[in-house]
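Thanks for coming, everyone. I've got one structure to walk you through today, so let me put it up on the screen.

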Amino acid sequence: MTVFAEPRTSYQLVYDLIGTHASLEVLLGAVTCQLEDQLPETLVSVMTFSEQSQCLRFAAGDRFSEPFRRAMRLVPVGRQVCTCSAAASSRALVMSESIQDDPRWGVLPKLLEAVQADRLASCWSIPVIEASGRILGTLAVYSRIQKIPNQAQIALMRKAASVAAMVIANQAVRSRSIDTEERFRSLFTRHPEAVLELDVDGRFVDCNRAVEAVLDLSIGELRGRHFTEFSTEAHVTRLCDAFHLALQGKPQTFETESFNGKGGEYHLDVTLLPIMICEQVVGVYGICRDVTAVKRKDDQLRMLQRGFDASPNGVVMADAKAHDFPVVYSNPGFSSMTGYSQEEVLGKNCRLLQGPDTCPDGVAAVRGALTANKEIQVTLRNYRKDGSAFWNQLSLAPVFDLKGVCTHYVSIQRDVTQQRENEDLLRHHASHDMVTGLANHQTFDAQLSQEYARAHKAKLPLAVVFIDLDAFRPLIENLGRGPCDHLLAMVADRLRSVLSIGDTVARLSGDEFAMLLPQRQREHEVIEVVERVLTEVAKPYILGDYSVLLTASVGIAFSGPEITQSSLLLHRANKAMQEAKRQGGNIWQRYAEAEKGAEIEFSALRGELRDAIEQDQLVLHYQPIVDAQHENPVTVEALVRWCHPERGMVSPGHFIPLAEQTGQIVDIGRWVLRRACHDIARWCRETGQHLEVAVNISPLQFRRRGFLEELRSALTDSGLAPAQLELEITEGVLMSGAEAAIDTLSAVRNLGVKVAIDDFGTGFSSLSYLRELPITKVKLDRSFIKDIADNKENAAIVRCVVKMAHHLGLVVVAEGVETIMEKEHLASKQCDLLQGFLFSRPLPLKQLTLLNVFSASDANSPEESQSIPRQSGLRSAVG
């Protein structure tokens, strides 16, 4: 019996595309592509249902012909009209094993002709239904051979239909949001009160006709002028102070004296509201009322109330002069947000929204602002009438009368629950493994560093356990990635079960786990935990109809006086685990004294690396990056090599991790950047050709103060044009200080230097940040390229990443291309650029000039080029 398990992240990229506000066609297209990858030799379509016309309309399906799309453009719903229409009418799965013999398809002759033209033999259709039960459309799977689906295929169709329902429903919500924005624009332009928009410098951007009437100037005459030009001299200071407070996100309400374009003076009641976009103040709305006449003041107050009533945000006004600040006004937005009607809240204090998890500090801050008659903005966890919790972003401002007495408080409340939950989810994904839910490697390293510092200060021992599952790779090959991910999740649950409060377990990578046991200060206590780990891991696992047996190799390391940094403790535990594996596995080993020799070698190599930097033992090799369609090189990537005087060429995989641990990666990175700029600038001068170069920048080097100065210096000293340089950074730079990273990247782009995200998909992978990053390119990691022709999950991920990147205007590079099959598959997915051994290994720059595509006008020296014959074509030239 085949073990079936759906990958956990089958539709993750569909969810990510929702975050990029992709169109409904793109989103549903991603759903059909995913299901087509899961059901080979099929064509998948999605049709949407119109309640008004009671018809289905073709919405997505890239593999169908244009005549078929036109034929399916408007199909009436009925049990006797084609398979899709019958599925929508019956709200159930409908299957036509033979379309030709199914009388329902003969009802519409043009539709049957289109099906025959596309050579479609079978059709299975399932309704797309919203959670409320409302029909949204249908999802159909077509085959060019007559057949019906099995239960596993039907399950995949139901999953795809549920994702399509979520996509369609989400787009409907977004459309309603756009409608709301248009309503607000209508409110702005047609509001009878004087409503104006100021930029952050205080200059007019827009206004409605009421402003033109008050100031006796047209919008064309007002635009670009400063608001202080219409204020009396005595009120300029207060007006400016209120404007700057509004720019800080604090709404302001006050009265002032002004004059219009003809010099006529009058009194205005002004409310300044910050314009917030993505949590940033981008300007200020001003609502002005002429209070010269009492009647006119009353009219404008009613108009202002209508404006508040139309706001989707909760607006509440409280009496500042009465005991306990009772509510005297609340808008429908407040009732919609909290569940309390206006009658239920009038006369009461807004503390009725507070609950057990409301932050006391936030409540105290609000009380302090009320006492001091000051503005405040705070986010509180509040509770609706039905008891459900939500996050409430509260902006509170006092309202003063003409004598400067605070008479009321106005609060604007916005439900930011979804935003907070998204931020929490992003933080969780950044610190936890997606498969097991355990802490990830970065989180474990941070926790280890913290516990090590605490133990070292208290002179207490600290234990680290390294766990590696035995013979896990054959299980992946036999069972597949999905079932094995489920197996890893079960292993994680068992590891959690042996821990106590204060202990940490993490998934480092693949089938490797680590434990941090700060509460176990005696060796026998740690060994008891490890014995339980071996026992729990060895118990049978049930995967469908299979019973799977696993064992583990475990290494233990304890801190001691000779341990000078936390990473060495994990290194020792890993060494002990390797010894346990060499002894056959299913046992534990404690780090032995004999293994210290390897650490001595580690220390010696660290010193030699310092000499290598100082004695110019490092060299650069360059690897071409080619166009996916024609294999023409478009740029090169600079890769550092260490030519050791005694050891020979030292593998980058050996000395780069060492340099990252010791901090020497900063000096190496600085050297690589300067040498690459000088090499390419000199090469261009000597050959008269244009060549661009990509240089890897480590997170440690990127975050260092002075990085931008080093970059400018490298470009200036070498004479290399900024447009010829591209910096490759990993997603690790976003793991902490994302806003600072974006600022630095923006400065890099302002220099004219390009930026690419390297190893995309293996780190943070946050689409919300990807949209904000000033980058031009993403590089897909080799892990997504390997076996892409056979691995449907990888193929689906690559396809969706390419679509997403192109939607954002980014270029996609595939790294590690080693076979023609991989190259052809990536080219078919519209991947832009390719890099890998299939085209060329990294070579000294002058050897690359022997290739026709990089031919130089000057002859190369024999000693640098004799190993590579001059041939036509990139692949033949490098073997």
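Some ground rules before that. This is a predicted model, where local features need pLDDT of at least 70 and side-chain atom pairs count only at pLDDT 80 or more, while totals for chains, interfaces and linings use all residues. Residues are numbered from 1 along each chain as its sequence is written, and side-chain values use heavy atoms, with hydrogens and water left out.

Okay, cores. By a nonpolar core I mean a set of buried Ala, Val, Leu, Ile, Met, Phe, Trp, Tyr and Cys residues joined through side-chain atoms within 4.5 Å. Buried, by the way, is under 20% relative accessible area, exposed is over 50%, and partly exposed is in between, using a 1.4 Å probe and protein chains only. The largest core here has 108 residues, and the ones with the most contacts inside it are Leu35, Tyr622, Val693 and Leu725. Helix α22, residues 665-687, gives the largest share of that core, twelve residues. When I say helix or strand, those are DSSP runs numbered from the N terminus: H or I with at least four residues for helices, E with at least two for strands.

What does Leu725 touch, if we skip residues up to four places away in sequence? Among its partners are Leu673, Cys677, Val693, Leu711 and Val753. A contact here is heavy atoms within 4.5 Å. There's also a second, separate core of 37 residues, which includes Leu495, Val498, Ile556 and Phe558. As background, nonpolar side chains in soluble globular proteins tend to be buried together.

Now have a look at helix α5, residues 109-117. Its buried residues are Leu111, Leu112, Ala114 and Val115. Looking down the axis of α5, they fall within an arc of 160°, so they line one face of the helix; that arc is taken from the directions from the helix axis to the C-beta atoms. What do those buried residues pack against? That would be α3. Turned away from the buried side, the other face of α5 carries exposed residues: Pro109, Lys110, Glu113 and Ala117. And just after α5, Arg119 takes a positive phi of about 60°.

Next up, strand β17, residues 463-469. How many of its seven residues are buried? Seven of them. Both faces are covered, with Ala463, Val465, Ile467 and Leu469 on one side, and Val464, Phe466 and Asp468 on the other. β17 runs antiparallel to strand β19, residues 512-517, with six bridges joining them, and it pairs with strand β22, residues 552-558, also in the antiparallel sense, over seven bridges. Pairing means that DSSP finds at least two bridges between the strands. Ile467 is a handy landmark: it stands opposite Phe513 in β19 and opposite Val554 in β22.

On to salt bridges. I'm counting a side-chain nitrogen of Lys or Arg within 4 Å of a carboxyl oxygen of Asp or Glu. The general idea is that side chains of opposite charge can pair when their charged atoms come close. A search of the whole structure finds 35.

Here's one to find on screen: Asp62 with Lys803, where the closest N and O atoms are 3.5 Å apart. Asp62 sits in the loop between β2 (55-60) and α3 (66-71), and Lys803 in helix α28 (792-807), so this pair ties together parts that are 741 residues apart in sequence. Asp62 is partly exposed at 47%, and Lys803 is partly exposed too, at 33%.

Another is Glu279 with Arg414, at 3.1 Å, N to O. That pair links distant parts of the chain, 135 residues apart: Glu279 is in the loop between β10 and β11, and Arg414 is in strand β16.

Then there's Arg582 with Glu579, at 2.8 Å. Both lie in helix α19, three residues apart, about one turn of the helix. Arg582 is exposed at 58%, whereas Glu579 is partly exposed at 27%.

Last, the backbone. Glu631 has a phi near 65°, positive in a residue other than glycine. Where is Glu631? In the loop between β24 and β25, and it's buried, at 18%. Gln830 also has a phi near 65°, in the loop between α29 and β32, but Gln830 is partly exposed at 49%.
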